[in-house]
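Subject: Structure handover

Hello,

Here is the structure for your files. My notes follow below it.

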There are 2 protein chains.
Amino acid sequence: MKNDPLYPTQDIIEAAHDRIKPYIHRTPILTSQTLDEISGAEIYFKCENFQKIGAFKARGGVNAVLSLASGEQERGIATHSSGNHAQAIAYAASVVGAKAYIVMPDNSPQVKVDAVRGYGAEVTFCKNTPEERQRIVDEVVARTGAVFVHPFNDYRVIAGQATATRELIEDSGVVFDTIMAPVGGGGLLSGTSLAAHYYSPLTKVIAGEPEGAADAVLSFKTGKIEKAPYVETIADGLLTYLGDKTLDIILRHVSDILTVSDNEIIAAMRLIWERMKIIVEPSCAVPLAALLKNKERFAGQKVGMILTGGNVDLGKLPF
Amino acid sequence: MKNDPLYPTQDIIEAAHDRIKPYIHRTPILTSQTLDEISGAEIYFKCENFQKIGAFKARGGVNAVLSLASGEQERGIATHSSGNHAQAIAYAASVVGAKAYIVMPDNSPQVKVDAVRGYGAEVTFCKNTPEERQRIVDEVVARTGAVFVHPFNDYRVIAGQATATRELIEDSGVVFDTIMAPVGGGGLLSGTSLAAHYYSPLTKVIAGEPEGAADAVLSFKTGKIEKAPYVETIADGLLTYLGDKTLDIILRHVSDILTVSDNEIIAAMRLIWERMKIIVEPSCAVPLAALLKNKERFAGQKVGMILTGGNVDLGKLPF
């Protein structure tokens, strides 16, 4: 927790940014007159769908792997992920020439599995529950001796994800009323809220979460790690519940968590595709869906929004 | 022809650029390490899919309408178009507060019809042949007194389209070996070749054309306006044949025209979607398809490529 030497201070986030810079894209910030008209807000989209591996998770993955001691890197890196963190670790391992062992749910989009293998990583499939993912990755670690990097409940990962918001604030030059991000396990959201706290302390951070994976909104109320009442959503990157490290930061630095239905997510995703001509995955559209559902709350505000990723299976679109 | 006072000289293209600047986006130039690896070339994509109305045609349309005398603007503007020029004229008319009358083929994508009506234009449908389009637009002009702006065989339109390549050359700072664009009626291709001629005289301009609308490649050989042997392609923006003005410029300034099949177009379109995370329409992927079909010819070259538009019907994707 906060007295942990790895807890992401502003200096630690700065160091993470310097460390990962050569291996990530400084992604553009896009605006859309049409979406501003539709929303009534002034939205600045930080386009992490254009990031290496097609998602912000390259930041956390690269920071975690580059932070390992060289002896640890030689043992290889293991993780579990529904897709983007898998690619991030596979990519980061390839950067340092290490072996990556990735446990993926057996319903992962084929395009994500192909991409992970494209970086030379070894894929092991598991059933798509948090418990099964952890059980199988424990087996992989026991078998290979690899170092486990958790997809979100890891301060090195959180510090890496924080760099997206650091860039959004610096590159836009805007003092945001609100910065929005989706929440799954909370790696991005906790990093976003820490970066806002350090670099733009008057900015509120508000998350969007699918109704079909509504654990974080519960945890936010009770202060404990909760599970979702039910798990069924198109936002396949947001299925997991929080960890102790992400919950701790979220409780301290996040203002609110708003839930949206799958239909609202699909409508927001389609708006981004049609109006901005860019490809985003369903999880990525959750904050815009939350804003559009609560227009009066954001009316006239300057809103920063992290577009998290663009890895969709074009053969399985929801429209 | 070249002695016509409207023929796009470098000064006329400069003036067009100054005229339209307030009403168009200065679109970004994107690169993709993955596509460079796949192609063996170094490709700079000028992203006119992010342009106003989602396509480069905003440039020509706005230039034509702003070039009209104010008395002419009051009569309204009429045109025919399979989609993007329709939106361009509708948008341009709305900029000057004029009425737009648009003749569209009855198989136009719904998203394009909706967008045209969104700018307040009046839509009349026709059968999808060049002859029928012209016949119906003649009727509209006779009925309304509107000024007809041809979608491509018009020097004001050609000068407007030329500004995309002017920006590509200036903003990239690259001396291109080749600049590529698709060819339908030749408005973009003739403008592209003029801009390359003036701003980067050592750069070759090479077009891509669908096999299922292969008229320009024939015209390029015979020096006359030819019709395609057959017309059937997914690249619905490229169905028409050249005009006398576009043919004249193309014969003087274009180096070659390469044809590609619909399967090659779809594969190139999918590559752009998956690897660059941006939305392009089938016509837009034709030059990349042509490059990938002729890799040895472009090996190691610096290639500028106009990504023409992103207006696809998400309900009718080819993959």
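Contact, as used here, means heavy atoms within 4.5 Å. By that rule, 18 residues of chain A are in contact with 18 residues of chain B.

Some ground rules before the rest. This is a predicted model, in which local features need pLDDT of at least 70 and side-chain atom pairs count only at pLDDT 80 or more, while totals for chains, interfaces and linings use all residues. Residues are numbered from 1 along each chain as its sequence is written, chains are lettered from A and ligands numbered from 1 in the order in which they are written, and side-chain values use heavy atoms, with hydrogens and water left out.

**Interface**

Chain A and chain B bury about 1500 Å² between them. Of that area, 63% is on carbon and sulfur atoms. (Buried area is the accessible area, with a 1.4 Å probe, that two parts lose on being put together, summed over both.) Three residues stand out on the chain A side: A:K277, A:I279 and A:L314 supply 42% of the area that chain A buries against chain B, more than any other three residues.

A salt bridge is a side-chain nitrogen of Lys or Arg within 4 Å of a carboxyl oxygen of Asp or Glu. Polar contacts do cross: eight residue pairs, both at pLDDT 80 or more. (A polar contact is a pair of N or O atoms within 3.5 Å; within protein, one must be able to donate a hydrogen and the other to accept it, and residues adjacent in sequence count only if both atoms are side-chain atoms.)

Helix α12 (residues 262-276) of chain A gives the most to the side that touches chain B, with four residues. Helices (H or I, at least four residues) and strands (E, at least two) are DSSP runs, numbered from the N terminus. The chain A side divides into eight nonpolar, six polar and four charged residues. Here Ala, Val, Leu, Ile, Met, Phe, Trp, Tyr, Cys and Pro count as nonpolar, Asp, Glu, Lys and Arg as charged, and the others, Gly among them, as polar.

**Chain A overall**

Chain A has 14 helices and ten strands. Its radius of gyration is 18 Å, close to the 20 Å that the globule rule gives for 319 residues, so chain A is as compact as a globular protein of that length. (The radius is taken over C-alpha atoms; the rule is 2.2 Å times the number of residues to the power 0.38.) Along the principal axes, the C-alpha atoms fill a box of roughly 55 × 40 × 40 Å.

Of the 319 residues, 61% count as buried. Buried means under 20% relative accessible area, exposed over 50%, and partly exposed in between (1.4 Å probe, protein chains only). Among contacts in chain A with a separation of 6 or more, 73% come from residues 24 or more positions apart.

**A buried threonine**

A:T246 lies in helix α11 (residues 244-253) of chain A. Its relative accessibility is 0%, so A:T246 counts as buried. A polar atom of its side chain lies 2.9 Å from the backbone oxygen of A:G185. Beyond neighbours within four places in sequence, the contacts of A:T246 include A:F152, A:I158 and A:S190.

**Salt bridges**

Over all chains, the count comes to 40 salt bridges.

- A:R143 pairs with A:E122, the closest N and O atoms being 3.3 Å apart. The pair links helix α7 (residues 130-144) and strand β5 (residues 122-126) of chain A, 21 residues apart. A:R143 is exposed at 54%, and A:E122 is partly exposed at 28%.
- A:D256 and A:R297 meet at 2.9 Å, N to O. A:D256 is in strand β9 (residues 256-260) and A:R297 in helix α14 (residues 295-298) of chain A, so the pair ties together parts 41 residues apart in sequence. A:R297 is partly exposed, at 36% relative accessibility.
- B:K302 and B:E42 have their closest N and O atoms 3.6 Å apart. They link strand β10 (residues 302-307) and strand β2 (residues 42-47) of chain B, 260 residues apart. Both are partly exposed: B:K302 at 31%, B:E42 at 29%.

Shared partners also join A:E14, A:R26, A:R166, A:E170 and A:D171 into one salt-bridge network.

Best wishes
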